[in-house]
Amino acid sequence: MQKFGIYTLANDVVYDQLVALLNSIEVNVSPDIPVCIIPYNNRLDLVKQEINCRNNVTLFDNIESIQRWDAFAEEVWAAHPLAKNSKLSRNTLYKSPLLRKLAALDGDFEKFVFYDADSLAMKPLENLFSRLDEYDFIFDDWEHGKSSDVAALNIPLIEQSGLYTEEDVRPKLHCSSFFASKQGLLPPTEIERLKKLLIEKNQIEWVTRWWDDAFLFNYLTLRTECRLFNFTLSPNGEERTGNCANADPFVNIDNVLYNQQGLKPIYRLHYMNYSTNDFVRLCKGEDLNIRYRDEFLYYRFLKEPEKKPLQLKKPGLASKANYYIKKVMNKVRLAVS
């Protein structure tokens, strides 16, 4: 058992992003902090090669925990109203194992921080670890500010239950791309209780999007009445920052990003809404419209500078056609699955 650590969820498909994340953790968090990779699936050849090159990185091996979270997701999502749509229910797009990230709660770190693999770490974590003495989960996102029609939970429906008001629910809304927590929360007995509420009491209808791990995560933290803290709701303005590469403005100082307003340090940069294939192509030297791409390339090739593209080139017709064909074939595969 280890006191502090970091988790991420990855496989070979996100290899370039995983390497960039690991390098950013080593530089900006600590070269010694242990990192554990939860397998997204069994495509792990490149991941295992990378682990063998790093002294402090391991592969999560609690298969029982992974299977338990997978089974929970399957059973719960099967009860969702959208599961009745036969076309969608056959669509593998809605069968992702993203909820596996919560297996971190069953891992060896007493306190931990989880990063999505499409992130770069930007500063140390002592503040998060110390706050876990007071809170169960710590977040750093702006989900609570979204309008009710796109919120993670169906607030009007929840209010009809008489259990919570919007004032109760809204400040507890959060994402799942970055969070701090501690070992032992949401044990199997608690998950069984929540599953009964979701299925037998039909509270799965509170979760507004099907097969979305973040939305289901919101239900779990709400119904267990965990103690939550979100830095974006902190009374200390220095702790309220942006984090999204495609939305927020940052300033680069020695390859570390700071919130543009006030030059406040940020915990991580999240490349949400960019596809994995975009980063594969970028690493091959294609000039793609990815914000903070120079920062990504810096960390991706930090230990392999000889492999870093010397110059980015606009994608040619062959590359564009190949990318388009892959997208079409993927849609066809999903439609017939």
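This is a predicted model: local features need pLDDT of at least 70, side-chain atom pairs count only at pLDDT 80 or more; totals for chains, interfaces and linings use all residues.
Local features are used at pLDDT of at least 70 and side-chain atom pairs at pLDDT 80 or more, while totals for chains, interfaces and linings take in all residues. Residue numbers start from 1 along each chain as its sequence is written, and side-chain values rest on heavy atoms, without hydrogens and water.

**Exercise 1. Work out how helix 1 and helix 2 pack.**

Step 1: get the elements. Helices (H or I, at least four residues) and strands (E, at least two) are DSSP runs, numbered from the N terminus. Helix 1 covers residues 15-28 and helix 2 covers residues 45-52.

Step 2: get the geometry. Axes are lines fitted to C-alpha atoms, for helices over the stretch in contact, and angles between N-to-C directions run from 0 to 180 degrees. Here the angle is about 20 degrees, and the axes lie 10 Å apart. That makes the two helices roughly parallel (angles under 35 degrees count as such; over 145 is roughly antiparallel, 65 to 115 roughly perpendicular, and the rest oblique).

Step 3: list the contact (heavy atoms within 4.5 Å). Helix 1 brings Tyr 15, Leu 18, Val 19 and Leu 22, and helix 2 brings Leu 46, Val 47 and Glu 50.

**Exercise 2. Which way do the residues of strand 7 point, and are they buried or exposed?**

Step 1: recall the pattern. In a regular strand, side chains alternate between the two faces of the sheet.

Step 2: sort the residues. Phe 178, Ala 180 and Lys 182 point one way, and Phe 179 and Ser 181 the other.

Step 3: check the cover. Buried means under 20% relative accessible area, exposed over 50%, and partly exposed in between (1.4 Å probe, protein chains only). Five of the five residues in strand 7 (residues 178-182) are buried.

Step 4: Two bridges join strand 6 (residues 137-139) to strand 7, running antiparallel, and Ile 138 sits opposite Ala 180.

Conventions
Two strands pair if DSSP finds at least two bridges between them.
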